[in-house]
Amino acid sequence: MQNIYSNIIKFNSKNFNKIIKILKKGGIIGLPTETVYGLAGNAYSLKAIKKIYKSKKRPKNNPLIVHYYDFKQAEKDVFLEKKFFKIYKKLSPGPLTYIVKKKINSRIKPMVCSNLNTVGIRFPKNKIIRKILKKINFPLAMPSANKSASISPVHPEDVSDEFNSMIKVVNGGPAIIGLESTVLNLVGSASILRPGKITPAQIKKILKEKIKVFLKQDIIKSPGSLKKHYSPNIPMFLNQKNCPKKYAFITFGKNYPVTRNSFNLSRKSNLNEAGKKLYKYLRIIKKRKFKKIYVAPIPYKGIGYAINDRLKHASSK
Ligand code: TXA
Ligand code: MG
């Protein structure tokens with residue numbers, strides 16, 4: 001029998017050279033990060049960027065995040081100001097994307113930023129991607145490795161399930177956070193465009209200023225943001241205390257029975273554990289062909305804001 005996951009490759013020295021070669025030639029490849037798996041290509045190569053948009057079926061008005069090893073690499077392409085460095089020192093590398101102004105002589109292809117004069121930049125912490133970013137002399141444009149509007153991948157197999165086997169994926173095991181990075185706009189007064197593991201309170205403590213948070217109701221702030229997103233394409237009902245047996249029930253905390261249709265995000269009521277399991281469960285529920293998903297209330301605390309944000313998007317019609 002043919003192995004359907006034959007495109008998943010180990011991160012060893014032989015494959016390291018292969019990965020670098022693919023990226024240098026303008027190819028694209030699935031790579032692990034601590035948040036979710038990304039579909040990576042050279043941000044300076046139009047060929048690579050076109051491939052990313054085409055494979056994801058991503059609308060051209062939704063810009064990509066550009067990933068760097070450190071701020072020195074990024075400085076060639078974008079303006080980095082005082083506020084940036086204050087946060088960078090404390091929170092990067094990590095699950096945080098900064099929206100900053102692009103330099104006129106930047107080599108980032110305009111298509112990466114949907115022709116905006118701003119760029120989303122991130123410094124991921126995952127060891128594999130850091131080794132790759134350190135070796136190459138160009139940044140990686142890298143959206144989550146899923147078809148546009150679908151669920152972000154948190155395992156290498158998820159990436160294979162999203163794309164055909166032509167796209168190689170580097171096996172970095174399960175993503176340790178499991179939700180996409182916080183998107184922080186630093187152009188003008190600081191604001192959060194997408195909640196994540198890094199909270200507004202953390203940013204506020206560093207910048208000592210009020211941080212506006214744009215949640216689902218005002219998502220237009222992030223260009224190309226779709227109302228329906230992160231979605232299993234199954235009707236979802238949020239804040240439910242009970243669920244009929246025939247539907248999938250996503251629960252949180254110890255007060256729910258263990259049944260065949262229940263998927264407990266964390267019996268210990270640990271929100272980080274819940275964040276890590278959410279996309280995994282949505283994929284399992286989809287594979288098992290449940291017709292509806294009920295979701296128990298999830299507390300608005302820490303990464304709980306991001307979990308609720310993704311659930312609201314996922315349940316949008
Ligand atoms: O954790 C993550 O951020 C993952 C990993 C792979 O790095 N990437 C990711 O990329 O989630 P993507 O393309 O799925 O989401 C990027 C988000 C989108 O909501 C996009 O609108 C926003 O970042 N974004 C990118 N550039 C922007 C810009 N210049 N201004 C405002 N929002 C921007
Ligand atoms: Mg995405």
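Modeller: Let me start with a term: a polar contact is a pair of N or O atoms within 3.5 Å, and inside a protein one of the two must be able to donate a hydrogen and the other to accept it. Please keep in mind that this is a predicted model.

Colleague: Happy to. What makes the approach of the Asp 158 side chain to the backbone nitrogen of Val 154 a polar contact?

Modeller: A polar atom of the Asp 158 side chain lies 2.9 Å from that nitrogen. The limit is 3.5 Å, so the pair counts as a polar contact.

Colleague: Is Asp 158 buried or exposed, and how do you know?

Modeller: Its relative accessible area is 8%. Buried means under 20%, therefore Asp 158 is buried. Asp 158 belongs to helix H6, residues 156–162, and beyond its neighbours up to four places away in sequence it touches Pro 153 and Arg 283. The C-alpha atoms of Asp 158 and Tyr 37 are 8.7 Å apart, although 121 residues separate the two along the chain.

Colleague: On to the rings, then. Why is the pair of Phe 11 and Phe 16 called edge-to-face?

Modeller: The whole structure holds 16 aromatic pairs. In the pair of Phe 11 and Phe 16, the centres are 5.7 Å apart and the planes make 90 degrees.

Colleague: What makes Phe 237 and Tyr 294 a tilted pair?

Modeller: Their planes are 45 degrees apart, with 5.4 Å from centre to centre. Phe 237 sits in strand S12 and Tyr 294 in strand S15, so the pair ties together parts 57 residues apart in sequence. Tyr 294 is buried at 15%, whereas Phe 237 is partly exposed at 31%.

Colleague: How do you know that Lys 212 lies over the face of Phe 214?

Modeller: Lys 212 is 4.8 Å from the ring centre. The distance limit is 6 Å, and NZ must also be within 35 degrees of the ring normal, so being listed over the face implies that the angle passes too.

Colleague: Now ligand 1. What makes His 67, Arg 122 and Ser 144 polar contacts of ligand 1?

Modeller: Each has a polar side-chain atom beside an oxygen atom of ligand 1: 2.7 Å for His 67, 3.1 Å for Arg 122 and 2.9 Å for Ser 144. The limit is 3.5 Å, so these pairs qualify. The protein covers 97% of the 690 Å² of accessible area that ligand 1 has on its own.

Colleague: Which element gives the largest share of the shell around ligand 1?

Modeller: Strand S6 does, with 4 residues. Strands S4 and S10 are also among the elements that give two or more residues.

Colleague: Last one: why is Asn 185 called buried?

Modeller: At 16%, Asn 185 is under the 20% limit, so buried is the label. Asn 185 is in strand S9, and its side chain reaches the backbone nitrogen of Val 187 at 3.0 Å. Outside the four places on either side in sequence, the contacts of Asn 185 include Ile 99 and Leu 193.

Methods
Residues numbered from 1 in each chain as written. Chains lettered and ligands numbered in written order. Predicted model: local features only at pLDDT ≥ 70, side-chain atom pairs only at ≥ 80, totals over all residues. Heavy atoms only, no water. Buried < 20%, exposed > 50% of the residue type's maximum accessible area, 1.4 Å probe, protein only. Contact = heavy atoms within 4.5 Å. Phe/Tyr/Trp six-rings, centres within 6.5 Å; stacked < 30°, edge-to-face > 60°. Areas by Shrake-Rupley, 256 points an atom, 1.4 Å probe, with all protein chains shown as cover.
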